[in-house]
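Open the model in your viewer and keep the sequence panel beside it. The tour goes through a few helices in turn.

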Amino acid sequence: MATAHVPSVQYECPVYQYAVRLGQCFRRFWNVYIMGFFIEEEEEHIPPSQTFFHKGKIVALGQTLRNKSLAIEERAQAAYRIGLLAFTGGPTAAKFAAEHMKEVAHLLQSAQAAPEVRILLLQSVACWCYLNPITQRRAKFLQLVPILMAIFGNVPESSKTDVNNTLLVKFWACYTLSVMTCNNLSYMEELREHSEFKYQLQALAQKDWAGWPENFAEVLYFLIGFHRH
């Protein structure tokens, strides 16, 4: 069990060493969880010079995403695949994907979104924002920070399954915010304004993060700078 007592943590390594390790961690986690475990079909990597192939796929998936007659699970799968294409296709594909992220933001706020759906949507956002300042600024414009912050206030039902599912969604929200924050000062400053978030992250950092390469509640706590206040 991976436990962390955040208030007493002493971060001994220099900031640059931590940043390098965090970047390596994101890459390893990406390869295992995003590009491997959660997809049924491996996306073909297409060079950025050929991103018009990505555009066609993104347009088709965007039609599925916006089709309100479809099940929300199917729409979330489309959102997830749009995120993957944004990641594998580089900045140009990410620009195409940006046209559909408003719908992803709306679905994240839907009361009908089950935990599995929310996780797919969070993965889509993480893919889209991964090491891309332009898409991170667009995500800020779409008010994704307060949308994600609302996840941490969710109180699960009493059953063990509901508790575990809610916790897993919060874990993915920690990861997604870590991706958005690791190279973006404006996110750090915005999240630091939410004083209650400090204590929410402290509580999440003490949960069981077994199977994850890092305790991303602790990572986010550090990135925001809560350990200095």
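At what angle do helix α5 and helix α6 pack? Select residues 101-108 for α5 and 115-129 for α6: the angle is about 145 degrees, and the axes lie 10 Å apart. Axes are lines fitted to C-alpha atoms, for helices over the stretch in contact, and angles run from 0 to 180 degrees between N-to-C directions. Helices are DSSP runs (H or I, at least four residues), numbered from the N terminus.

This is a predicted model, in which local features need pLDDT of at least 70, side-chain atom pairs count only at pLDDT 80 or more, and totals for chains, interfaces and linings use all residues. Residues are numbered from 1 along each chain as its sequence is written, and side-chain values use heavy atoms, with hydrogens and water left out.

Now show the side chains in contact (heavy atoms within 4.5 Å). From α5 these are M101, V104, L107 and L108, and from α6 they are R118, L121, L122, S124, V125 and W128.

Next, select α10 (residues 185-192) and α12 (residues 216-224), whose axes come within 9 Å and cross at roughly 100 degrees. α10 is therefore roughly perpendicular to α12 (65 to 115 degrees counts as such). M188, L191 and R192 of α10 meet L220, L223 and I224 of α12.

Finish at α8, residues 144-151, where six of the eight residues are buried (under 20% relative accessible area, 1.4 Å probe, protein chains only). Colour L144, V145, I147, L148, M149 and I151, the buried residues of α8. These pack against α5, α6, α7 (133-141), α9 (160-181), α10 and α11 (195-205).

How values were computed
Helices (H or I, at least four residues) and strands (E, at least two) are DSSP runs, numbered from the N terminus. Angles under 35 degrees count as roughly parallel, over 145 as roughly antiparallel, 65 to 115 as roughly perpendicular and the rest as oblique. Buried means under 20% relative accessible area, exposed over 50%, partly exposed in between (1.4 Å probe, protein chains only).
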